[in-house]
Amino acid sequence: MAKKPNYDFEKRKKEQDRKKKKDAKREERLLRKRGDGEPDGEPDGVPADEEAPAEDGQ
């Protein structure tokens with residue numbers, strides 16, 4: 001015989017997953033706001049001062 005689905009458990013699990021995702025996003029925003037997180041302006045992990053080499057005399 002098939003087992004009856006436990007909708008309360010499924011609902012609670014979805015709510016926990018949603019809360020965990022929301023908390024992680026909030027924490028990431030706080031880190032970025034304080035300056036501890038990954039900076040948005042640096043593509044591929046290359047620091048801003050090393051993006052383009054300076055040319056001499058041209």
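I began with R26 and D23, which are three residues apart in helix 1 and so are separated by about one helical turn. I noted the rule for such elements: helices (H or I, at least four residues) and strands (E, at least two) are DSSP runs, numbered from the N terminus.

I am working with a predicted model, in which local features need pLDDT of at least 70 and side-chain atom pairs count only at pLDDT 80 or more, while totals for chains, interfaces and linings use all residues. Residues are numbered from 1 along each chain as its sequence is written, and side-chain values use heavy atoms, with hydrogens and water left out.

**Entry on the overall picture**

I looked up the elements and found one helix and zero strands in the protein. For helix 1, I checked the length: its 28 residues should span 40 Å at 1.5 Å a residue, and its end C-alpha atoms are 41 Å apart, which agrees; the expected span is 1.5 Å times one less than the number of residues. After helix 1 comes G35, whose phi is positive, near 95°.

I then asked what share of the 58 residues is buried. Buried residues make up 0% of them, where buried means under 20% relative accessible area, exposed over 50%, and partly exposed in between (1.4 Å probe, protein chains only). The protein exposes about 6,300 Å², and carbon and sulfur atoms supply 49% of that area, as computed by the Shrake-Rupley method with a 1.4 Å probe.

**Entry on the salt bridges**

How many salt bridges does the rule give? I get a count of four, taking a salt bridge as a side-chain nitrogen of Lys or Arg within 4 Å of a carboxyl oxygen of Asp or Glu. Side chains of opposite charge can pair when their charged atoms come close.

One of the bridges joins D17 and K13, at 3.8 Å from N to O; both residues lie in helix 1 (residues 7-34), four residues apart, about one turn of the helix. An α-helix has 3.6 residues a turn, so residues three or four places apart point the same way. D17 is partly exposed at 37%, and K13 is partly exposed at 42%.

Next I turned to D23, which forms a salt bridge with K19, the closest N and O atoms being 3.1 Å apart, and another with R26 at 3.2 Å. K19 and D23 are four residues apart in helix 1, and K19, D23 and R26 are linked in a network.

**Entry on the positive patch**

Last, I found that K21, K22, K25 and R29 gather in a patch of positive charge on the surface. Such a patch is made of residues with over 30% relative accessible area and no salt bridge, like charges being joined within 9 Å; Lys and Arg count as positive, each charge being placed at NZ of Lys or CZ of Arg. K25 is found in helix 1 and is exposed, with a relative accessible area of 54%.

Terms used. Patches are made of residues with over 30% relative accessible area and no salt bridge: like charges are joined within 9 Å, nonpolar side chains (Val, Leu, Ile, Met, Phe, Trp, Tyr) within 5 Å.
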